[in-house]
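Before reading further, please take a moment to look over the sequence and the fold as they are displayed here.

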Amino acid sequence: MPREHRTADPSWGPRADLDILNRDIPRVDGPDKVTGRAKYSHDMRAPGLLYARLIVYPRTRGKVESIDVSGALAVPGVVWAKALKAAGANVFYQGADSVLAAVAAETLEALDDGVRAVKFVVKADSKAVVTHKGALANDAPVVARQRDAQSNISGLRERGDTAKTEAALAASDVQVDLSFEIPVQHHVCLETHGQVIVPDERGATVYASSQAVKGEPQGFAGALGLKQSEVRVITQHMGGGFGSKFGGGIEAQVAGQIVQETKRPVHLLLTRDQEFSLAGNRTGVVARVRAGASKDGALTALAAEVDRLGGLGGGSFAALPYIYKVGEMATKMRSVHTATDPNRAMRAPGHPQASFVMESVVDALAYAAGKDPLEFRKLNLPDPIWQRQLDRVATELGWPAHPHHTAPGKPDARGIARGIGFAVSAWGSSAQDNAKCQVVVFPDGSVESRTATQDLGTGARTYVAAIVAEELGLQVADVEPVIGDSDLPVNVASGGSVTTGSSAPAIKHAAHLAREALEAKLEAVLGAAVGGYVWKGGHVHVKDDTTKKLAWKQVAGLLQEPLDVTGSFQQSLHAGSIHGAQGALVEVDTLTGRVNVLKMVCVQDQGLPLNRMALRSQINGGMVQALSYALMECRVHDEATGYLLTGNLESYLIAGCQEIGELVAIIDDDEERPTLCGMAEAPIVPGQSAIANAIFNACGARLTTMPFSPDNVLTALHGKV
Amino acid sequence: MTHSDPKPEALSRRALLKGAGGVAAVGGLAATAEARSVTTLEPAPVPTLRGEVEVTLSINGATQTLKVEPRTTLLDALRTRLEPALTGTKLVCDSGSCGACTVLLDGKLAYACMNLAIDQVGRQVTTVEGLGTPEAQSDVQRAFCAEDAAMCGFCTPGFIVACHAALERKPNGTLDELKHEISGNLCRCGTYPHIFNALQRVQAERQVASQQGSKKGAK
């Protein structure tokens with residue numbers, strides 16, 4: 001009879017004792033990605049593969065008169081073509097509602113010809129309704145699709161006491177009144193949405209570009225007319241998601257239909273212009289905020305009216321007073337509906353917009369009160385963590401020696417002005433308790449760590465191996481991470497920064513169970529009970545007796561059959577709630593309106609860093625995306641016809657190499673909680689706010705319209721010309 | 001060479017390149033000019049050279065015979081007409097804006113989406129797969145791994161090719177010059193600073209190697 005073992009709870013242990021985690025770990029899939037060997041959904045091929053494409057109505061609303069696919073079916077190589085709307089159907093600029101037909105063909109060229117041969121006549125509505133102003137015009141048609149909608153406004157919600165707020169505003173020593181316009185932003189996943197479906201003996205294997213591989217079989221089973229158990233979904237690599245890839249939309253439904261009707265593998269991924277019109281976006285905002293402060297620098301009052309522009313969706317905007325403390329506040333928030341595709345979750349949904357509004361207001365009040373905007377922030381933030389982080393950012397940017405703190409600077413003889421600005425971020429980083437991980441140790445010493453997570457580019461695959469390697473004293477390369485497959489043990493959808501907080505504790509728990517099971521076997525060999533061993537450098541030895549030791553292969557050799565354990569989420573290993581601060585140093589050319597971001601700094605906490613290198617990549621990525629949002633990104637529809645004018649990357653601009661100055665990503669090691677959580681949302685929140693505030697500090701132009709393009713900068717400097 | 005007799009119809013700019021990608025918009029815009037209220041794909045008499053021809057291309061040093069249409073882009077040929085497909089070269093914008101399909105044609109940087117496959121007869125086509133393998137990576141590929149310059153990885157093959165070419169053209173280039181050299185490529189995850197680090201790492205390694213080489217030569 002084996003003795004009863006006293007087992008310990010898993011813990012991350014002291015950071016100083018870690019050999020692999022909290023260090024720079026090269027990505028395990030790096031070599032595949034840099035050589036083109038990594039296969040994405042777009043890259044999957046199968047014998048008999050059909051290439052399929054949707055035909056999307058390019059305007060906002062209309063009524064179908066006719067759709068004729070006979071011409072497409074006559075094209076050699078076209079195998080399948082169908083109208084997906086009947087005559088008389090209304091079409092809307094909203095996912096499935098905008099799809100008129102689809103074609104599938106043997107080659108891309110035949111597909112081009114087939115798509116071109118589909119004839120449709122759609123009577124367009126006379127008004128496009130694509131802007132805030134257009135939606136609120138007196139003669140605007142009601143495009144909102146809520147039941148019984150009487151106007152293009154929905155979801156009005158008022159919070160706070162208006163009378164008290166107005167009184168506090170009137171009593172405040174300084175006031176500001178700012179109006180904001182934030183355009184809709186796109187995710188711009190470089191791999192478009194879609195999948196390759198391959199029918200097989202079991203039912204079907206789907207190669208989907210998905211942030212939620214475990215949940216995908218449900219949707220695809222419906223699309224394919226199969227049982228969930230007959231569908232396996234695989235996402236080994238994906239070209240970006242940023243919140244827009246949770247479950248297949250119309251592209252999955254139509255692909256499933258084609259597979260059912262042709263019995264052939266189907267490759268259906270959105271075209272780039274479709275990606276811009278039906279794959280989701282970040283909510284635009286129109287807002288007016290009046291706020292007041294006392295002369296000693298306390299925020300006393302804030303009155304806000306916020307319109308969310310989520311197209312046919314409700315839109316998202318995080319609650320004010322975003323992070324800061326305010327004496328009295330009254331907010332009025334509503335959705336204003338345009339006839340465009342609904343918003344989807346996008347990295348920190350609603351938060352960058354709220355940050356931009358709030359941080360601009362805070363900044364403007366600081367200058368109005370004659371205060372240093374850094375000190376003004378620290379005074380009004382509810383947690384000293386941000387104060388510490390802001391000081392670190394300020395030092396890194398040279399703020400203490402910067403010549404003008406309480407008033408904007410002046411351009412030099414060339415018209416160039418330099419400024420520094422700040423902003424903070426927060427995120428909940430919760431976890432879900434259903435995550436599981438299976439660790440299998442084989443008698444030959446090989447190890448697998450298996451869980452149905454997916455790697456969006458975050459480095460998840462790497463820590464799935466690294467956590468196990470740390471626990472068992474192995475190298476990362478000794479552990480095979482097996483992820484991205486719906487057949488694996490359950491894991492969470494990657495959204496809201498929950499992935500690491502949910503997965504890592506389950507992986508750690510599985511590794512811990514494997515270690516204790518091996519230690520139970522070691523007792524007969526080395527003598528110590530469970531918990532009495534040290535696992536390091538590919539060996540195990542008895543605590544305090546390094547002579548009693550075995551190499552890893554010898555340990556594994558004690559197994560008669562593979563050791564197979566499954567760990568589950570452990571609350572003790574996770575804690576959410578994170579903080580960050582960012583700052584920017586910019587140069588503004590006051591003659592041309594061009595903004596050059598010379599340097600950005602981010603200090604970010606998240607508990608134990610699993611992989612410092614991947615963490616810096618995520619922080620830098622947040623700053624780059626915020627910089628891009630700040631300076632360049634702007635979706636534009638033609639107001640008369642509703643056509644999307646920014647449907648590819650030559651018209652919808654994102655930041656490239658030449659926009660990127662010095663970026664400094666600082667992991668906040670002063671924060672030493674013994675737990676961890678995800679953090680991807682937080683660093684994308686404050687960047688554009690810091691840049692706007694830096695522009696003001698440079699030259700006194702308060703940028704409240706995004707992006708901070710030359711025309712908007714010149715308008716802020718000189719007024720409308 | 002087998003020919004299925006491609007029939008040249010009236011040529012236009014679109015016929016020269018692919019011909020179809022933006023057709024929905026073309027049809028729609030044409031209709032808009034005529035009558036605001038009706039959209040149709042009908043008025044698209046886009047002339048196209050159709051029919052497959054067999055071509056022999058040199059891809060990554062190997063001779064490959066494949067069937068393409070005259071309008072088939074090099075990108076589509078690599079990704080869908082080779083067996084096995086060479087899918088390292090990525091399709092993102094299909095309009096010469098993003099660099100995800102960057103390849104080398106006779107050693108010069110090019111977008112595979114903006115070049116026709118048939119035009120490559122007699123040229124050396126080099127894709128990311130031709131620069132190294134996971135087992136035998138190039139110095140640029142190793143540097144990308146060491147500097148964590150790939151996140152989702154979808155832009156990475158294009159950047160790898162562009163970085164090779166940048167370091168050929170500007171072996172001692174300043175960071176600003178190198179940024180300019182690779183500014184035809186876009187990344188969405190935000191790996192740029194890591195790519196810059198990788199470029200500078202390779203520059204430094206090559207300088208050390210060439211110094212050691214010249215010392216050896218002096219002996």
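This is a predicted model: local features need pLDDT of at least 70, side-chain atom pairs count only at pLDDT 80 or more; totals for chains, interfaces and linings use all residues.

Residues are numbered from 1 along each chain as its sequence is written, and chains are lettered from A in the order in which they are written.

Chain A has 17 helices and 26 strands, where helices (H or I, at least four residues) and strands (E, at least two) are DSSP runs numbered from the N terminus. A compact globule of 721 residues would have a radius of gyration near 27 Å, and the 28 Å of chain A agrees with this; the radius is taken over C-alpha atoms, and the globule rule is 2.2 Å times the number of residues to the power 0.38.

| Domain of chain A | Residues |
|---|---|
| domain 1 | 15-38 + 431-573 |
| domain 2 | 47-126 + 193-269 |
| domain 3 | 284-429 + 576-718 |

The centres of domain 1 and domain 2 of chain A, taken over C-alpha atoms, are separated by 39 Å.

Between the chains, 64 residues from chain A and 64 residues from chain B take part in the contact, two residues being in contact if their C-beta atoms, placed from the backbone, lie within 7 Å. On the side of chain A that touches chain B, helix 15 of chain A gives the most, with 8 residues.

Definitions and conventions. Domain bounds come from an automatic or database domain assignment.
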